[in-house]
Amino acid sequence: MHMIENASSWRSPSNIALVKYWGKYDPQLPANPSLSFTLSESFTETKLEILEESGRGDFDFEVFLDYRKAEDFKPKIQKFLGRIASELDFIKGRKFSIHTYNSFPHSSGIASSASGMSALALCLLSLSPQGKVMSPSAFFQKASEWSRLGSGSASRSVYGPLGLWGKTEGIAESSDEYAIPYQGKVDPIFNEFCDTILLVEKGQKAVSSTAGHGLMKGHPFAQQRFAQAHHNLANLQKILAKGDLEAFGNLVEHEALTLHAMMMSSQPYFILMKPNTLKIIELIWEFRRESQKPLYFTLDAGANVHLLYPKHIEQEALNFVNKEIKLYLNNGEYICDRVGNGPTKLM
Ligand code: PMV
């Protein structure tokens, strides 16, 4: 008989970095600080159930995506569990199941690692003896630390609307070990920001972000890039406080293109943008020139384009997408997302 002794379920969102994390060192510590908008509509829901004794000493689990066994998720989860094994005595020797569901289309090119790893970390911590007695702030800090060990960017998904990860001058509480909720002044215009995710390419990326981070070791421009990220983060804090949209757009677009420039100048070099990524960027610039509206883009480690803009131009932005951009998208698909408030406990 399968006796469910303990279960926990969380919904955790994806996030989009404004200042990018690219480059890391062991154990999954960032080469530079990063700051992201937490999203609202792109999330993972995960349920962890601890089942009967397994008769084995180590971890014994099954993973399901949309109720189907997902064997290909296992190695990454196994690696993650291995990294926090010393804190997981409560599941050693037990069988457990991980059921997960993504709100965004499977292999849409949206990284599910930030939402997926943070949802799993939150479930594990909720069930652990230490998690049960922690204050809420200690709980989320630990959940962020565990999330980071699953996937660096996942550390920031634990907090909304903005998550900051990495030791940063002027922010005493910042840490390389975990993200913190961004506490600086933020103009209200950024609390209602939209992120329309334009799906240029679906499926597996040619180069994983793990490999990409690795190529920053020995990269000829690495040190300048890391220094630049610190500088951009200091500037972004002033921009967020002032609500200066033009400066915001300039900074995030420059960050996005720098991220891809790092890929293009690593050894081996690679390109994750596609012809339609560039076409869309040109159309965004043209739209901005002609309309003078604050519509900007950022990119993550892939071909998709994230369109960032304030809520008050949402209708114009969506008209632009439908009229001019849609034909360059995979099946014409895009996701209307916006800044969100972080994870929700479901069970
Ligand atoms: O968390 P990872 O290892 O998937 O790295 C994410 C890297 C970027 O998305 C490109 C940037 C970021 O800060 O999220």
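Analyst: A residue counts as buried under 20% relative accessible area, as exposed over 50%, and as partly exposed in between. The model under discussion is predicted. Because its relative accessibility is 24%, Ser-265 falls into the partly exposed class.

Ser-265 lies in the loop that runs between H8 and helix H9 (275-291). When residues up to four places away in sequence are not counted, Ser-265 touches His-219, Pro-220 and Phe-221. A further distance relates Ser-265 to Leu-215: the two are 50 residues apart along the chain, and their C-alpha atoms are separated by 9.7 Å.

The helix pair itself comes next. Two packed helices are described by the angle between their axes and the distance between the axes. Helix H7 (residues 222-242) packs with H8 at an angle of about 160°, and their axes are 10 Å apart. Angles over 145 degrees count as roughly antiparallel, so H7 is roughly antiparallel to H8. The crossing of H7 and H8 is left-handed. On the H7 side, the contact is made by Arg-225, Gln-228, Ala-229, Asn-232, Asn-235, Leu-236, Ile-239 and Leu-240. H8 contributes Ala-247, Phe-248, Leu-251, His-254, Glu-255, Thr-258 and Met-262.

One of these H8 residues, Phe-248, also takes part in an aromatic pair with Phe-190. A pair of aromatic rings is described by the distance of the centres and the angle of the planes. For Phe-190 and Phe-248 the centres are 4.9 Å apart and the planes form an angle of 45°, a tilted arrangement. The pair links distant parts of the chain, 58 residues apart: Phe-190 is in the loop between strand E9 (179-181) and strand E10 (193-198), while Phe-248 belongs to helix H8 (residues 245-264). Phe-190 is buried because its relative accessible area is 1%. Phe-248 is likewise buried, with a value of 0%.

The structure holds 13 aromatic pairs. Among them is that of Trp-10 and Phe-140, which is edge-to-face, with 6.0 Å centre to centre and 90° between the planes. This pair, too, links distant parts of the chain: Trp-10 is in strand E1 (residues 6-19) and Phe-140 in helix H4 (residues 136-150), 130 residues apart. Trp-10 is buried, since its relative accessibility is 5%, whereas Phe-140 is partly exposed at 22%. Trp-10 and Phe-140 also belong to one aromatic cluster with Phe-139 and Tyr-159.

Rings also take part in contacts with charged side chains. The charged end of Arg-11 is placed over the ring of Phe-43, at 4.3 Å from its centre.

Gly-57 is located in the loop between strand E4 (34-53) and strand E5 (60-65). With a relative accessible area of 57%, Gly-57 is exposed, whereas Ser-265 is partly exposed. Apart from neighbours within four places in sequence, Gly-57 is in contact with Lys-92 and Gly-93. The C-alpha atoms of Gly-57 and Leu-299 are separated by 43 Å, the two residues being 242 residues apart along the chain.

Methods
Residues are numbered from 1 along each chain as its sequence is written. This is a predicted model: local features need pLDDT of at least 70, side-chain atom pairs count only at pLDDT 80 or more; totals for chains, interfaces and linings use all residues. Side-chain values use heavy atoms; hydrogens and water are left out. Rings of Phe, Tyr and Trp (its six-membered ring) pair if their centres lie within 6.5 Å; planes under 30 degrees apart count as stacked, over 60 as edge-to-face and the rest as tilted. Helices (H or I, at least four residues) and strands (E, at least two) are DSSP runs, numbered from the N terminus. Buried means under 20% relative accessible area, exposed over 50%, partly exposed in between (1.4 Å probe, protein chains only). A charge sits over a ring if NZ of Lys or CZ of Arg is within 6 Å of the ring centre and within 35 degrees of the ring normal. Axes are lines fitted to C-alpha atoms, for helices over the stretch in contact, and angles run from 0 to 180 degrees between N-to-C directions. Angles under 35 degrees count as roughly parallel, over 145 as roughly antiparallel, 65 to 115 as roughly perpendicular and the rest as oblique. A crossing is left-handed if the near helix is turned anticlockwise from the far one by less than a right angle, and right-handed if clockwise. Contact means heavy atoms within 4.5 Å.
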